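Hello,

Here is the structure I promised to pass on. Please open it alongside this email; my notes follow below.

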Amino acid sequence: MMKQEISSLTPASLSADNQNMALASMGSYQYTDLVSVFCDDEYFPHNHAAQNKHNDQCLDETRDYEPMSTWTTILKHTDFDYGHNGGIYVDSTVPSFTVVKASSAKFVLVLDNSGSMGSCSRFENLKTTLKRWVDNLKPHTKVAIVRFGSSNVCATGDETITKGCYVEISDENTGLAEKTELRGIIDRMGDMGATTWVRH
């Protein structure tokens, strides 16, 4: 930390030339390991004269644009208007997490199989990318492939444009059978003629 930044430490802080020992927060050095409280205007007084980013950006328009403490800056946010979200004491600040997972993912791949895909290695590149994607599908993922050119067709499942078009990756061998089936369908893709434009 530069010396000009050290000057922003609160009176309750200790400092050395090469190591910050601040206990109170500084808006421009929020990542300091030892910070355990917010500087304020009463218990951990903020140094309004320090030349740092916090004092340059966090200004109180009701006090002739005087630099604000971190705590005052927080309370100025609209989340705390009209006495909302008053402070409380918490026994622990250790976070807890709940992992929410979808039962299964569904993908419908609508793929251009028109004549223009035959040039510039477009078909080859498309097939290579799709097969790499298929190899990484997780069990219970559902995939439907719809090809279009002069017409459109479902290439997977029961080959109808319904929910029957889906193929579901099974648990067995991480879905090897279904992945092999999808790779074969991808390999067999070819020219379906010019793209048909329908004007409504």
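**A buried serine**

S69 is buried, at 0% relative accessibility. Buried means under 20% relative accessible area, so S69 falls inside that class. Please keep in mind that this is a predicted model. S69 is found in the loop between β4 (66-67) and α3. The C-alpha atoms of S69 and D40 are separated by 5.0 Å. Along the chain, S69 and D40 are 29 residues apart.

**The overall layout**

The protein chain has 200 residues, and buried residues make up 31% of them. There are five helices and eight strands. From the N terminus on, the elements run α-β-β-α-β-β-α-β-α-β-β-β-α.

**The core**

How many residues does the largest nonpolar core have? It has 17. L111, L130, I145, L182 and M189 have the most contacts inside it. Four elements each supply at least two residues of this core: β5, α4, β6 (142-148) and α5. The largest share comes from α4, with four residues.

**Salt bridges**

The structure holds four salt bridges. Two of them involve helices α4 and α5.

Take K131 and D187. They form a salt bridge, with the closest N and O atoms 2.7 Å apart. K131 lies in helix α4 and D187 in helix α5 (residues 176-187), so the pair ties together parts that are 56 residues apart in sequence. Are the two partners buried or partly exposed? K131 is buried, with a relative accessible area of 17%. D187 counts as partly exposed, at 42%.

Next, D135 and R183. Their closest N and O atoms are 2.9 Å apart in a salt bridge. This pair also links distant parts of the chain, with D135 in helix α4 and R183 in helix α5, 48 residues apart. D135 is partly exposed, at 39% relative accessibility. R183 is partly exposed too, at 29%.

Then there is a network. D60, R63 and K76 are linked in it by salt bridges. Within this group, the side chains of R63 and D60 meet at 3.8 Å, N to O. D60 counts as buried, at 4% relative accessibility.

**Aromatic rings**

A pair of aromatic rings is described by the distance of the centres and the angle of the planes. The count here comes to one aromatic pair. The rings of F107 and W133 have their centres 5.1 Å apart and their planes at 90°, so the pair is edge-to-face. The pair links distant parts of the chain: F107 sits in strand β5 (residues 106-112) and W133 in helix α4 (residues 122-135), 26 residues apart. F107 is partly exposed, with a relative accessible area of 34%. W133 is partly exposed as well, at 28%.

K127 lies over the face of F123, at 5.6 Å from the ring centre.

Which residues make the nonpolar surface patch of about 280 Å²? F38, W71 and L75 do. L75 lies in helix α3 (residues 70-75). At 41% relative accessibility, L75 counts as partly exposed. Patch residues need over 30% relative accessible area, so L75 clears that cut-off.

**Two positive phi angles**

Most residues other than glycine have a negative phi. C120 is not a glycine, yet its phi is positive, at about 55°. C120 has its place in the loop between β5 and α4. Is C120 buried or exposed? C120 is exposed, with a relative accessible area of 64%.

T174 also has a positive phi, near 50°, and is a residue other than glycine. T174 is in the loop between β8 (167-168) and α5.

**Where to look when you open the file**

- Helices α4 and α5: K131 with D187, and D135 with R183.
- The loop between β4 and α3: S69, buried at 0% relative accessibility.
- The loop between β5 and α4: C120, with its positive phi.

Best regards

Key:
Residues are numbered from 1 along each chain as its sequence is written. This is a predicted model: local features need pLDDT of at least 70, side-chain atom pairs count only at pLDDT 80 or more; totals for chains, interfaces and linings use all residues. Side-chain values use heavy atoms; hydrogens and water are left out. Patches are made of residues with over 30% relative accessible area and no salt bridge: like charges are joined within 9 Å, nonpolar side chains (Val, Leu, Ile, Met, Phe, Trp, Tyr) within 5 Å. Accessible areas come from the Shrake-Rupley method with a 1.4 Å probe; for residues, only the protein chains shown count as cover. Buried means under 20% relative accessible area, exposed over 50%, partly exposed in between (1.4 Å probe, protein chains only). Rings of Phe, Tyr and Trp (its six-membered ring) pair if their centres lie within 6.5 Å; planes under 30 degrees apart count as stacked, over 60 as edge-to-face and the rest as tilted. A charge sits over a ring if NZ of Lys or CZ of Arg is within 6 Å of the ring centre and within 35 degrees of the ring normal. A nonpolar core is a set of buried Ala, Val, Leu, Ile, Met, Phe, Trp, Tyr and Cys residues joined through side-chain atoms within 4.5 Å.
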